Amino acid sequence: MPSVCFYFQVHQPFRLRHYTVFDKDHRYFDIFKNKSICQKVANKCYLPANRAILDLIKKHEGRFRVAYSITGVLLEQLMEYAPEVMSTFDALARTGCVEFIAETYYHSLSFLYSRGEFRDQIFKHMDTIETLFGQRPRVFRNTELIYSNDLAAEIESMGIFDGVITEGADKILCGRSPNFLYKSPRGGKIKILLKNYALSDDIAFRFSNRGWNEWPLMAEKFSKWVNRVNGNGYVVNLFMDYETFGEHQWADTGIFEFLRQLPDEILRHPDNNFKTPSEAIASYPATDTVDVPSLISWADTERDVSAWLGNAMQSNALHEIYRMEQTIKKTGDKTLLSDWRKLQTSDHFYYMCTKWFSDGDVHKYFNPYDSPYDSYINFMNIIGNIEKRCGKKPAKSRTKTTETDKILN
Amino acid sequence: MKVFMLGWEFPPFISGGLGTACYGLTKAMSKLGLEITFVLPRAIRNESLSSHINLRTPADIKASQTEWEIQKEIKNIKFKTIDSPLKPYDTAETYSSEIEELIRSKQRMSGFVSEENNDVNGHYSGDMYTEVHRYASAAVKLALQENFDVIHAHDWMTYSAGIAVAAVSGKPLVIHVHSTEFDRSGEHVNQMIYNFERAGMHAADKIIAVSYLTKNIIVSRYGISGDKVEVVYNGIEKNGNGLSLGRVELDNDEKIVLFLGRITMQKGPEYFLGAAKKVLEVMDNVRFVMAGSGDMMKRTIELAAQLGIGSKVLFTGFLRGEDVRKVYERADLYVMPSVSEPFGIAPLEALNNDVPVLISKQSGVSEVLTHVLKADFWDVNEMANKIVAVLKYPPLQMTLREHGNYEVRKLKWEDAAEKCRQVYLQVVEQAVCV
């Protein structure tokens, strides 16, 4: 009796404008670019996908259910640049068949650097979701599904969550199935839902790949793969970027037709159903523990955090931004705090990644930079400006002048 | 396979990247078993004939050709030289003064003007045009004594020779474009040189371009069909020190930003200074070193003074060998702001010496390098922004150095040589078919 659990990640960062060392103003974000990308994705993905899902929920009279995790930074952009998307999300929320998941408001890596900031951002996100959609999330997902035993313990200690979502990475499952629920070896009540990456990636990455021997992927075929889980698992977790529909996979690949047919095909088998993460957690017991001593994520084949922390520039940039936390918070300046937090969005560090750069990889998606070096330079220039705003300017220049003078004379 | 190669310069007699390229390419070719006869124009002005190499000096100064053995590591290569004052980066104007200098030096050498030397003007034609043809006819004479399968001519001065040799031998001609008149002179092209280039490109059976940037110029400016042009990137000799070995830590924290190349319009020295001026607005512990010489040297020195940054810019003149290594050792960043750079071997050498580089997007080498900083040559603001970043943020310098040094090792002359060999096979086969 496999349940199918869909969760869609919905996120766009506040991309930075080109900011040189000579810039002095406090406008860090590329309003034009963010607006145009937001509207483009809204038209290609968010609007048609939301409408399709709304229709499916109505058509199946509540038997089709999905979950979303929408970042705070995207919600802010949608409210300003594409309010029509907000009303469709609102309509989805009111069906009662849609669950909203909690994450850090700024899609940040704060868990790794500041637990206080991490919690602040989760609460900010939950408050926003509650205000907008009338439900308080019960399940947590960390940025890019970054997870470890420590994260489970942190979430457990917050006492407000029933479950946490992460990647069903081979290295933590050791041959076991991602289609069961797990617990952390450190105990506690929260259950862990693991992404079935094989089936998720069939839709998210391989759907339009003509070189793939299963191409073209039809809803009927996909349902057969889901049915095979019957008797050997509780829930098939299909977790993916929402941009899969219409943006990563363009409409002309047939992705929307696939989405429209899938519930019919899945529900054709009497044992199957759809559940949201909270419903899956309520319905099924955890069968085993899953030990994750070091960090995992859903990124790349490595399934680790090297995409954000793989080189010296990235660790330097992250270190610099979190080093400022107390200084920023002491100023009590709300705009400054918000700017600083928007700079924590993981995408900024992802753009600095050098590991796939030479191969001209798919990761360049919506990457506003020509190179990771440009991205780091831009980020550091902004950090320099933010630091000056705190009134804590490193006053070394005078001493340096004298040193240089000595050398020159 | 035997190659009759017509070149301009060869180490140690170099003034730019062409000699380095010919050296690296022929060395790798000889490893592939290709036999090469390398024909080189060389002025016989004695002051320049210093004892860098084991050179058989011509006993008879009137002889138009001489052979010498050089660099034993390169097997399969014979060198032939033709007396000629041709220099790769000369303009027609500098050529005439060059000739006068040459004649004067020959008179000094012999101490008196003998009967023999009276016809010295007969040896050296008064203008570049006839000189190129004189070089061509000498090359033909040489070619008649040699056996070869293919002719390979490097850059415009040897194209006429290439065409002539192809005509008398019936062998296919490959021309190798390291630079075009549009790169050297912008829009103010010398019509004579353009004509030589155009004729060479049209006569060639196949053209090798050092980058897609150059290929595009060949196609758009010289009326050549794209399928006739193959892109073969240059490589780099593996002589780097490896990571951070031998880098000297200096007591003072003065940063060094390096320009190393000919100080000519093509290399964009004024943009380097424009960026320097901007950088000095926000930091002062920086020194800008301009290593090289060229026809814009005087103007560039004046410009530095005009900008009020004269004390921060150091002109070293043309550097070679050990001095180049030393200046790389001190440099925090190498900048190549070229206006139009067909390839640009110098940034590869900088990377090989563990120096991060900032190159203009208007360079062929930017097609192959990813772990470098890039900017449009005219965008001095952005160039300055990137220079400051490298000097201010050590992790940037570190990452660029680590990845750059690794990346540059993948650019091998062996690969370039193999691609040339493929081109030879193609033209030889075509020639047989006809």
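# A guided tour of chains A and B

Select strand E7 (residues 191-195) of chain A: five of its five residues are buried, so the strand is largely enclosed by the rest of the structure. Buried means under 20% relative accessible area (1.4 Å probe, protein chains only), and strands are DSSP runs of at least two residues, helices (H or I) of at least four, numbered from the N terminus. This is a predicted model, in which local features need pLDDT of at least 70 and side-chain atom pairs count only at pLDDT 80 or more, while totals for chains, interfaces and linings use all residues. Residues are numbered from 1 along each chain as its sequence is written, chains are lettered from A and ligands numbered from 1 in the order in which they are written, and side-chain values use heavy atoms, with hydrogens and water left out.

Remain on E7(A). One side carries A:Lys191, A:Leu193 and A:Lys195, the other A:Ile192 and A:Leu194, and both faces are covered. A:Gly163 has A:Lys191 as its bridge partner in E7(A).

Now select helices H13 (residues 312-323) and H17 (residues 372-389) of chain A. Their axes, lines fitted to C-alpha atoms over the stretch in contact, come within 11 Å and cross at roughly 15°. H13(A) is therefore roughly parallel to H17(A), a term for angles under 35 degrees. The contact (heavy atoms within 4.5 Å) involves residues including A:Met313 and A:Ile321 of H13(A) and A:Tyr376 and A:Phe379 of H17(A).

Turn to chain B and select B:His178, in the loop between strand E6 (173-177) and helix H6 (181-185). Is B:His178 buried or exposed? B:His178 counts as buried, because its relative accessibility is 11%.

Proceed to helix H11 (residues 322-330) of chain B, whose buried residues are B:Val324, B:Val327, B:Tyr328 and B:Glu329. Their cover includes strands E9 (255-260), E10 (286-291) and E12 (333-336), together with H12 of chain B.

Finally, select B:Ala346 in helix H12 (residues 346-352) of chain B. Among the residues that B:Ala346 touches are B:Leu260 and B:Tyr328. The C-alpha atoms of B:Ala346 and B:Gly17 are separated by 7.3 Å, although the two residues are 329 residues apart along the chain.

Definitions and conventions. Buried < 20%, exposed > 50% of the residue type's maximum accessible area, 1.4 Å probe, protein only. Pairing = 2+ DSSP bridges. Axes fitted to C-alpha atoms, helices over the stretch in contact; angles between N-to-C directions. Parallel < 35°, antiparallel > 145°, perpendicular 65-115°, else oblique. Lists of a residue's contacts leave out its neighbours within four places in sequence.
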